[in-house]
Amino acid sequence: MTRTRRVLVAGIGNIFLGDDGFGVEVVRRLDAPGLPENVDVADYGIRGVHLAYELLDGRHDTLIMVDAVPLDGARPGELAVLDATGAGADPDGADDDGPFGVPPVDGHGMHPLAVLRLLHRLGGRVGRVLVVGCRPADVGERMGLSAPVTAALDEAVRLVGRLAREEAARTSERPDHTAHIRRTDTEATSA
């Protein structure tokens with residue numbers, strides 16, 4: 001019996017801070033039923049801590065985070081795909097941690113790197129991490145996206161859908177070596 005490798009598309013951001021709601025709006029518009037069966041789509045909003053804890057179960061081999069990102073040199077509304085695989089795993093302990101080696105956590109919102117740092121501190125890992133980012137124009141206290149970010153939504157939805165399909169196909173081609181171990185454990189307990 002083989003375990004289906006899964007892809008998680010996570011929209012993150014605060015809808016009350018203008019363009020910070022970009023990721024939430026993209027996953028809201030994404031045609032989740034039209035994606036492969038092994039792709040999960042979820043709106044995490046400001047619940048970055050919840051996302052980190054959910055990833056601890058090991059169900060997802062690939063994470064695609066969608067968020068407003070301050071892309072250097074980009075115009076507002078410009079999109080980028082960032083490979084964040086391995087980000088947040090600090091082998092030298094040089095992360096910007098609070099006292100006692102605990103990473104700073106904001107229960108009302110976390111940027112992608114903070115989510116990954118928390119995940120690693122909790123002992124979790126994700127095989128591949130992509131961030132689909134959009135340069136915000138306005139993250140002030142207001143509802144609704146700015147004109148440049150709104151104009152980028154259709155392209156962002158297409159981009160996230162394409163990446164989700166590609167990652168779903170890539171993960172389904174890789175063998176799952178844990179399936180045999182899990183089956184053996186199940187057989188041992190039922191015998």
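Trainee: How many of the 7 residues of strand β1 are buried?

Mentor: This is a predicted model. In it, 7 of the 7 residues of β1, residues 6–12, are buried, so the strand is largely enclosed by the rest of the structure. Buried here means under 20% relative accessible area.

Trainee: Which residues sit on each side of β1?

Mentor: R6, L8, A10 and I12 are on one side, and V7, V9 and G11 are on the other. Both faces are covered.

Trainee: OK, neighbours. Which strands are joined to β1 by bridges?

Mentor: β3, residues 60–68, is joined to β1 by 6 bridges, and β2, residues 39–45, is also joined to β1 by 6 bridges. β1 and β3 run parallel, and β1 and β2 run parallel.

Trainee: Is the unit of β1, α1 and β2 right-handed or left-handed?

Mentor: Right-handed: β1, helix α1 (residues 22–29) and β2 make a β-α-β unit of that hand.

Trainee: Switching to helix α2. Which of its residues are buried?

Mentor: In α2, residues 48–55, the buried ones are G48, L51, A52 and L55. Seen down the helix axis, they fall within an arc of 100°, so they line one face of α2.

Trainee: And what covers them?

Mentor: The cover over the buried residues of α2 includes β1, β2, β3 and α3, which spans 112–121.

Note on methods
Residues are numbered from 1 along each chain as its sequence is written. This is a predicted model: local features need pLDDT of at least 70, side-chain atom pairs count only at pLDDT 80 or more; totals for chains, interfaces and linings use all residues. Side-chain values use heavy atoms; hydrogens and water are left out. Buried means under 20% relative accessible area, exposed over 50%, partly exposed in between (1.4 Å probe, protein chains only). Helices (H or I, at least four residues) and strands (E, at least two) are DSSP runs, numbered from the N terminus. Two strands pair if DSSP finds at least two bridges between them. A crossover is right-handed if, with the strands pointing away from the viewer, the path from the first strand over the helix to the second runs clockwise. The arc is that of the directions from the helix axis to the C-beta atoms. Contact means heavy atoms within 4.5 Å.
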